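Colleague: I am new to this structure and would be grateful for a guided reading. May we begin with a single residue and proceed from there?

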Amino acid sequence: MLFSSMTFIFLFMPIVCVVYLLAKKSLQNMLLLIASLLFYAWGGPNYLAIMLLNILINYTGALYIDRSVSHKKTFLTLTVVVNLGILIYFKYCSFLIDNINGLLSYDLPLLEVIMPIGISFYTFQAMSYVIDVYRGEVKAQRNIYKLALYISLFPQLVAGPIVKYHDVNHQIDNRTVNFRKVTYGVKRFIIGLSKKILLANTLGAVADKIFSQPVEQFDSATAWIGAVAYALQLFYDFSGYSDMAIGLGYIFGFKFLENFNYPYISRSITEFWRRWHISLSTWFKEYLYIPLGGNRISPVRTYVNLFIVFLATGIWHGASWNFVVWGLWNGLFIIMERITNWHKKDGPIIRFIQHGYTIFIFLIGWVMFRATNMTYAWDYLKNMFGFISKHTLSHDFIYYVDHIELLAFGVAVLCSMPLFTKMLTLSDKHVILKSLINAWLIVLFILSTALIASSTYNPFIYFRF
Amino acid sequence: MMTLTSKKKRLLLTAILTVLLTVLLAPVYSDNNMFASILESTHQNKIARIDIFNAGNRDNKIEILPPPPHLNVQYPEWCRYPNGQCSMLEAKISRDWRTYTLQFKVIHDGLITIGLRGPYKASGQARFPVIVDYKDMRINDQPLLSSIQKNWHDAPYNYSFSARDGDVITLSFQTRKHHFRFSDFLTFYHLNGHLLFCVVIISFFIFYKVVQYISRFKIIERNSRIDIIFLCFFFLLLFMPMMRINDDDWLAAENRKAHPYVPLFTNHQFNQAYGTQVENWFNDHFFGRTQLVRLNAFIQKLNRVISNKAAVFDTQTNWLFNDSQINQHVFPNYNPALLASIEKFHAFLSQNGISFYLFIVPSKTDLYADFVPGYKNIPKIQNEAQIRFLEKNASFPVIFPIEALRQAARKDYVYFKTEHHWTEWGAFIGYQTLMERIRKDFPGVHEVKETDYVTFYDKRVRGDWERHFTLGQTFQMMNLPYDPQKLLDTEYKYYTPIHEITPTVTDIPYYKIKSFRNPDPNASAIKVFLAGTSMNENLLQFLPYSFRQLTYYRLNNVQNVSYQDGFKIASKYKNDILKMDPDIFILSINSENIPELLNLMRD
């Protein structure tokens, strides 16, 4: 089930919210667990088995790690290997076989494995739990239902944020739901839904129009429009989903950490990764970069560690060379920034150049991320820089960006900067501002649901006689 | 603003909410949309409806002489039956009795039925009563109704009598808006008092608790009143769509069946796709769907131009254009190669004694470029340089009927607004241009005339292989949130041959063929092999009637054949051509298909 579906918004969410809010505190965890399992099983109950297996493995693994004195590391390794094994099997198997066949001229048959939704997210969450137990930061959870709730909690199950166990373990046992949290949660949910439906989907249509064509069919300016549209789509899609997850978390009394913090205003790629998908970058920092030695050993080792982290970040995003190259592209600039330290310099002109540089680098990166393969990505980049001179088709600008899409573009650019944050803070003190914001949120909610409802409108072409 | 701090205020709010919910839940304890019906019958309705039907033969009817004031007389098409035509009269009504007297003449002997009823009113697909009071009905001054009759559309008071052709009947009656009586609850709405009692009590207790719960936020927690209202409104919105599930199984605006509800267990087996099926069912049935779709359509309409990957739509004129036709192809100069490819194919045909004609159908934008919204760089004619080069240098006839179509477009639509194909009128113009050229080489060939057809106008679109009336393929590509029936705002001219030839149709992997055999002994004994794209579908309303035999090979949209491979005619259809041994080979394509002619002789 998707947050942006009619069934979720108008069937699942109201029922779960009201039952949860009216239920006794002792029943709330059980209700949330049932709702989460139902949410996950909705699209296909078969995948539920994989998640339940994941819960069982990590529950058992953590108990052994906790009890063992001399074999803690063995049990940790075993649990992590099994977790990664499942993830690799479902997510990377076809990619690996394909590459082995290509490299070694084998003819291994490709496995027809369908990836369970959200497996990357819940596997990482589960691993954070066993690692935390191994480190002694938390005690192993003896109640399997509570661990199941942590791993399967539906607000962040499908698209994050990746919640680390040590951030929420106390909240599972002891959290409060109050009016203020529910109100904030609802507002945050509406903001997230609007980001996803009104901005990300609209800009996604622009990016799709451009990226679905052969590169010879559009000029450089169009290629840049496509890259910017996709950058904005990706931000609003992902951060919208995170907002919805955080909002739902608040409604149920949880406080999840922020996942995005205006990444497009960054002045360096280092800063960008502090603001973009924060839960993933901190996960890699805590569970990979620091265990590898972080920046404490030597400069060269630091660069190697960064390289490994960004290679892993790329691979985590998908089973394709595009993602690997994209990860390394980001890693490369982070290493360069660490070597030169130029991103730490300040001054009005330098700041402007730093912004330009960062936007340029992440736009190039997003082209690799969006392209269906590296060949297309390379050709697209060549087109962006005018290296494809012969275009077989000349489209009009309005074909790519109609008036509503143009409006969405403008709004998306403005909202990617922290221009309106103060307004929300001020609204608590100003009655009129608060009323206006609340009314506007209701309007946004209705507009978003109108767009979702329209996607279910599907006229049949033939007249029935 | 209500602070909810006093018990009295809480009780008042509870009572208001209870009444509201009781009204909403009326279908639970009554029939016939009770509250809407009462409101309509006693206040909003302004007309009484009287139907007069003369049953007998097809031509039976009545004629109102002369229509009295305050009476609207109609002879609607839906009221025409095989045994006669009925008349519908609408009389203005008010709270007081009004007397109406009218005379009508009987046309042909028959059984006259006078029906006193209320106007038609429906909510969704369910009709509900709008009650109208009648009394003192007289026919030729003979009293027939003494007591007050309370009638509605589906429960009229009917009186029948025989009449002869030419009889003049005088009808009078009194009518008024319905005066509501307590007994109406039972008569019209089958009110179930026990259920009503339960609904009121349960609603009251629920709301009492809810109001108490909400008021706690203000009284105890001292939360913002604005946020309390916001949250209540949000949760109300969340619950609204599931409050009333629409049980219609046909979505008229979308011209399709609604997804049915499929249970979790079907045939004693667990339904694996339950979640998806419930989503589909809910998406089609939730309350407020139509309103939300309309809202989105309204917002979209603020946008002059809507475009997606497939097409562009002008929201003001309802013109739609396919992406492939609105963009300028900028190919390098390949004219000599193109000509060489076609000449090679021509040589192959000539060797076998077959005359070759290249018929290029213009694109929709070649005719209607001015209607493409917001575009500045539309080519005047798609691939014009190639067409002109071929016209000038080819050793075979090249027919490009752009001028004839431009002339014809001044009189009527030659292309559909919601599809990229030409209309049958457009195809007829194209046919005439093509035949003019063929008749230079084959003077004896019969050319069909408009008189060989029954013509009619229709707002729907018919332009492709299946010969079904549709909404238009371009419309379908865009999946616009509009009622397609409203979008079809234009009538197109259609041709039905008086002596229609039914083709033999083959639609299998690798082959898509229509074969016509003309039984008319006067038809010229010429065999034609026609190959081409979808514009030929409407051309086939005319072309087969000029020849003894015509076989049409569709080149695109053929199962298991790619678009490019479809044009490799020599390798693919060589044997078919030689086997048929036609006198004429017509290659009939769209102007945007021209680059594909490089593939004619390729393997």
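**Reading contacts, rings and surface**

Modeller: Contact means heavy atoms within 4.5 Å. Not counting residues up to four places away in sequence, Asp243(A) touches Arg188(A), Phe189(A), Ile191(A), Gly192(A) and Lys195(A). This is a predicted model, in which local features need pLDDT of at least 70 and side-chain atom pairs count only at pLDDT 80 or more, while totals for chains, interfaces and linings use all residues. Residues are numbered from 1 along each chain as its sequence is written, chains are lettered from A and ligands numbered from 1 in the order written, and side-chain values use heavy atoms, without hydrogens and water.

Colleague: Where is Asp243(A) found, and does Asp243(A) count as buried or exposed?

Modeller: Helices (H or I, at least four residues) and strands (E, at least two) are DSSP runs, numbered from the N terminus. Asp243(A) belongs to helix α9 (residues 220–251) of chain A. Buried means under 20% relative accessible area, exposed over 50%, and partly exposed in between, with a 1.4 Å probe and protein chains only. Asp243(A) is therefore buried, at 6% relative accessibility.

Colleague: How many aromatic pairs does the structure hold?

Modeller: Over all chains there are 106 aromatic pairs. In one of them, the ring centres of Phe218(A) and Tyr380(A) are 5.6 Å apart and the planes lie at 55°, so this pair is tilted. Rings of Phe, Tyr and Trp (its six-membered ring) pair if their centres lie within 6.5 Å; planes under 30 degrees apart are stacked, over 60 edge-to-face, and the rest tilted.

Colleague: Which parts of the chain does the pair link?

Modeller: Phe218(A) lies in the loop between α8 (179–211) and α9 of chain A, and Tyr380(A) in helix α15 (residues 374–384), 162 residues apart. Both Phe218(A) and Tyr380(A) are buried. Another tilted pair is Tyr431(B) with Phe542(B), at 5.8 Å centre to centre and 35° between the planes. Tyr431(B) is in helix α14 (residues 424–441) of chain B, and Phe542(B) is in the loop between α17 (536–539) and β30 (547–554), 111 residues apart. Tyr431(B) and Phe542(B) are both buried.

Colleague: Where is Ser123(B) placed, and what is Ser123(B) in contact with?

Modeller: Ser123(B) sits in strand β8 (residues 122–123) of chain B. Because its relative accessibility is 28%, Ser123(B) counts as partly exposed. Beyond its neighbours within four places in sequence, Ser123(B) is in contact with Asn33(B), Phe128(B) and Arg244(B). From Ser123(B) to Asn32(B), the sequence separation is 91 residues and the C-alpha to C-alpha distance is 10.0 Å.
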